[in-house]
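Me: Please examine the model shown here and answer a series of questions on its fold and side chains.

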Amino acid sequence: MKKIVLILLALFLLVGCKETRPMEKFDPSYINVVDDSEAKTFDFDLHSRGYLLIRLNDFKVLYEKNNSEKIYPASLTKIFTLDTVLAKCDDLSETSYLTSAQLSSLIAQDASLAGIKPNKEYTLEELLYALVLPSGADAAVALENYFVSKGWNLLDDMNTRAKELGCLTSNFKNTTGLHDDDHYTSIDDLLLVSLDCLKYKEGREILESLHYLGTDDLFYHSTVNYVSGYNVEVLGGKTGFTTVAGQLIMVFYKKDNRSYLLILSNSDGDSYIELYYHYEDCLNIFRRLYD
């Protein structure tokens, strides 16, 4: 975790001159240190094998375990996809689309879908909501198509972005999180990219949303809705699952006017048969710490 300190300071000094989007609630210049000097492990058992709980008001890590180990991120990959689009694209009102053949391929791979229609133009902003809230792989591929139209490569840019942020345990083989043995990250790297997303007004709005009404009356419903309760305000976040990665979740929430980020990885539940152990872990943490 100590690697985060100098990396973030250097990064935010560099991007501070280039940032054009407003930063209404989150100012990265406030970061002096991500402090894990007093981080503890939970004194109760969880299904998840790795975790990190950070208080964002002062960037103090409260609890952590196995946070630097390599993990398969599943759909938490899409946080890197989100950050790369925000960093690269200045006008989120521009549009892109998904082809019928691409949609058929995603269906064949059993990828999670937001329900966007093939060959229909959607704004990048809506595609980002579709990417994060319902975890749409169809939105990720539509964003890839936009990058191609500009002569860019979204996957290559994701890997470049990860290196720029100082991620030491990340390598991506796709933009969606579909399993590949060479597609991996760590909780520490997920923290880095999440903090970077919060630089952008649009990034905060997306990560702190539970619902979004898109075109064609498509209603995007965040997959973290199920962890609401226990005297905390759940703002938003992201989940992920593959049979190899297990269940993962990252949750932004508030308690007593303080903001937190909780990341859990490698829960042994199975979303296919509705064993949502990562949700159980979140609720257990909220109940133990905040009731």
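**Strand pairing and burial**

In β9, Arg55 has Tyr260 as its bridge partner.

Reply: The model is a predicted one, in which local features need pLDDT of at least 70, side-chain atom pairs count only at pLDDT 80 or more, and totals for chains, interfaces and linings use all residues. Residues are numbered from 1 along each chain as its sequence is written, and side-chain values use heavy atoms, with hydrogens and water left out.

Me: In which sense do β1 and β9 pair, and over how many bridges?
Reply: Two strands pair if DSSP finds at least two bridges between them. Helices (H or I, at least four residues) and strands (E, at least two) are DSSP runs, numbered from the N terminus. For β1 and β9 the sense is antiparallel, and the number of bridges is six.

Me: Why is strand β9 described as largely enclosed by the rest of the structure?
Reply: Buried means under 20% relative accessible area, exposed over 50%, and partly exposed in between (1.4 Å probe, protein chains only). Strand β9 covers residues 258-267. It is largely enclosed because the buried residues number eight of the 10.

Me: Which residue in the turn between β8 and β9 has a positive phi?
Reply: Strand β8 (residues 246-255) runs antiparallel to β9, with eight bridges joining them; Gln247 has Ser267 in β9 as its bridge partner. The two strands form a hairpin with two residues between them. The turn residue with a positive phi, of about 55°, is Asp256.

Me: Which residue of β2 stands opposite Leu52?
Reply: Strand β1 (residues 50-55) runs antiparallel to β2 and is joined to it by five bridges. Their hairpin has four residues between the strands, and Phe59 there takes a positive phi near 55°. Strand β2 (residues 60-65) is largely enclosed by the rest of the structure, since five of its six residues are buried. Opposite Leu52 stands Glu64.

**Helices**

Me: How many residues of α2 are buried?
Reply: Helix α2 (residues 77-88) reaches 17 Å from its first C-alpha to its last, close to the 16 Å expected at 1.5 Å a residue. The expected span is 1.5 Å times one less than the number of residues. Among the buried residues are Lys78, Phe80 and Asp83. Helix α2 is largely enclosed by the rest of the structure because its buried residues number 10 of the 12.

Me: How many of the nine residues of α4 are buried?
Reply: Helix α4 spans residues 124-132 and is mostly covered. Its buried residues include Glu126, Tyr129 and Val132.

**Aromatic and charged side chains**

Me: What is the geometry of the aromatic pair formed by Tyr146 and Phe147?
Reply: Rings of Phe, Tyr and Trp (its six-membered ring) pair if their centres lie within 6.5 Å; planes under 30 degrees apart count as stacked, over 60 as edge-to-face and the rest as tilted. The whole structure holds 15 aromatic pairs. Tyr146 and Phe147 are 6.3 Å apart, centre to centre, with 70° between the planes, and the pair is edge-to-face.

Me: Over the ring of which residue does the charged end of Lys120 sit?
Reply: A charge sits over a ring if NZ of Lys or CZ of Arg is within 6 Å of the ring centre and within 35 degrees of the ring normal. Lys88 lies over the face of Trp152, at 4.8 Å from the ring centre. For Lys120, at 5.8 Å from the centre, the ring is that of Tyr122.
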